[in-house]
Every structure is written in structure tokens, then in C-alpha cells.
Amino acid sequence: MKYKEIVKKVSIPAQSKTKQKEYLSSGTLPIIDQGKFLIGGYSNDVDNELECELPVIVFGDHTKCVKYINFPFVPGADGIKVLKPKEGIYPKYLFYYTQYLTYRIEDKGYARHYQYIEKEDVLLPPLPEQERIVSRIEELFSELDNAVETLNATKKQLDVYRQAVLKDAFRNCQSWERHTFADLMETVRNGYGKKPSDKGNYKILKISAVRALHLDFEEHRYNEFQLSDDDSISENDILFTRYNGSRELVGVCTVVPKLHEKIGYPDKIIKCTPILRSAIHSKYLSFYMSQGDAKKYLRSKIKTTSGQNGIAGSDIKNTIVYVPDLAVQKKIVEGIESRLSVCESIEKTVDSALSQASAMRQSILKQAFEGGLQ
């Protein structure tokens, strides 16, 4: 039996779809979209509630995110399929089976994926067996979730430790020279303002490339032509996130290491080029801007619009920075890096365990629907 034969697609009126810029941070009804979070935002427009018999499965056509929804909701903008299991199909069996199919089909990027899901064959045992399989999946997932919760708690403890290290490093900083961040910069500039073409071989960072004191070059897209020097990063530049859905990720910064190719950056990232082109100086500034009063100041300047949190380049420029001579900066940077290296080693182990947990989740579903789960 094909997947499309066991579900009924719920029609979504065009006027009910809510665009992301219209999302509220709280409201009468949750908005369900194709994002990775269960709830994308909220709406007070009760007329946009989707009329359907609950529960339903919401499938992200572009993202492959699968959600089990058993409460009234407003549909997000284009990109979701709302699916109702037909008679004789346990709703949660369909939910987990849909997740299983998302692992089986090839990721097509931002293309639509339901057209592949609906053609997949489905093994459909009697209803009692469906319920038994779901019960066993949830039992194993519960054990896995407990382990993941412990790992995530460890990551939070590591974040607390990082802040303690930074706080200790700058505890006597007010005796040093006082500057605004702008005093120390040659330029502070937003990046490339157009959407990358996803064609060609020229890399441009995603906003997710910049995290607190970390730059992930794997998080990039492609453009069909090379960007100008103004829209590209250079060694020892300091990058800040300008926009993000999470307040915790706004205003975080990192230093650009030695590069082996030209890489662009988008307008949701702010590039700061120091007057003093020194790896030690840039690292010192990135550590300073990630701690204490500097971090608190930047957080206070975050503004929220349509569910997106943002900070302006002028806010970064106006941050007060205390700077000793370069020899002292070098000592501080070496001390911080020495202490944080242990932290990074532990975090790599935790991240590896979290990746294994994700793989185990896939393995559980594979066994469940291929007859190996007892």
C-alpha cells in the first residue's frame, strides 16, 4: 500500500496561512509551520484556525520536519502538508512511520519532499500491533530523551564555566584604557544583502556559521559570482550575529582564522575589521565582547520584530571596551584559551554523544518498521 492511500490531505484555505512576519511571541492560538520547533509563533486571529479533526500530522515539505498535532492551531505560510490518517490507522503509528520515511528518502535541499513520501510503500499491520509498536518506540525514545537531557544539561554547565573563565580574566579591567568598540575598528559593516543564488562555486556563510567564539565553515551556501572584498571576510575580522530567532544567539561573536579561499558573508552578520591587525588583539576583543558588562549591554539593545531578534551595528560600536597593552592582551588570551581548551574537549565528546543519540533514534524507527523491534 502506498503512503498516499492511507492519508487524507487536509485542505488549507489560502487566507488562513500566516506569514512569518505576522507571527506573535504570544497569543490565542499557536502557529504550526515547517520549522524545527513544534510551535513557530502565535496568532490572535481565531478565524484563521484550521478546521480539521484532530490529531493530524504536519509535514514540512521543504524541511522534512514531522509534527504530531493534537491541539487547535493556525497554519504557517506555504510549505506544510496537513495529513489525517484514514480509518484503521493509529495516528501515532502514522507519525512515527512518516519520520521513518524522511530518513529513507534523499534530502533534496529546499525542494518539496512530500511528492517522494507519498509514493513510498507502507507496511500496515493490524491496529493492535500498530499500538504495540508505538508503545515500544516511545519507551525507547523516553530512555533516549533522558540521556539527551543529561547531555544538554552538561552543555549548559559548560556555558556557565566559560562565562566564569571570562569573568575572571577581566575582573580588574577598569584600570586599563577605556575605548568604545568603534575607536578600535577600521570598519563595522553588514554583509551581502541579496539572497544567494545557490549556484556556482563561491561560498557565502550562513548566519548559523557564527556562534559564540566559534566559526563553522561548513555552514555556508553558494553564489554564482564572487563577492566584493567589502562583502567578504578576512583573517582576524570579528564577526557578530545581527539577527536570529533566538535572543541567545544575537550579538555573539567569533574571530576569522587564517583563510585558504575567499568567502562572503550575509547581511545578518556584522563584520568588524580592527585597526590593529593582530590575531591576539582580535581574540582579546572577541573574548571581551562575550563577557560581563559588554555582553549585558549588547543583550539590552536587542529588539524583536516579527519573531526575529536583532541588534544594530551602532550598538556594537558604542560598547565600552577596556584594553591593556598587547603584552597583557597576549597573556589574557593564552590564559583563557588554556582553560577553555578543556571545556572544548568535553563539549566535543558531548556533541559526539548527541549525534549518536540522533542516529539511535533513526535506528529505533528503522527496526520498528522493518520488523526488528521486539
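Within helix H3, which spans residues 127-169, Glu139 and Arg136 lie 3 residues apart, about one turn of the helix. Their side chains meet in a salt bridge, with an N to O distance of 3.1 Å. Glu139 is partly exposed, its relative accessible area being 42%, and Arg136 is likewise partly exposed at 23%. The model described here is predicted, and the pair is one of 25 salt bridges that the structure holds.

A second pair joins Arg171 and Asp168, whose side chains meet at 3.1 Å, N to O. Arg171 counts as exposed, at 59% relative accessibility, whereas Asp168 is partly exposed at 32%.

Arg189 belongs to strand S9 (residues 185-190), while Asp231 sits in the loop between strand S13 (220-223) and strand S14 (238-241), so the pair ties together parts that are 42 residues apart in sequence. Arg189 is partly exposed, with a relative accessible area of 31%. Asp231, at 12% relative accessibility, counts as buried because the cut-off for that class is under 20%.

Salt bridges that share partners also join Lys155, Asp159, Arg162, Glu347 and Asp351 into one network.

| Salt bridge | N to O distance |
|---|---|
| Glu139 and Arg136 | 3.1 Å |
| Arg171 and Asp168 | 3.1 Å |

Key:
Residues numbered from 1 in each chain as written. Predicted model: local features only at pLDDT ≥ 70, side-chain atom pairs only at ≥ 80, totals over all residues. Heavy atoms only, no water. Salt bridge = Lys/Arg side-chain N within 4 Å of Asp/Glu carboxyl O. Helix = DSSP H or I, 4+ residues; strand = E, 2+ residues; numbered from the N terminus. Buried < 20%, exposed > 50% of the residue type's maximum accessible area, 1.4 Å probe, protein only.
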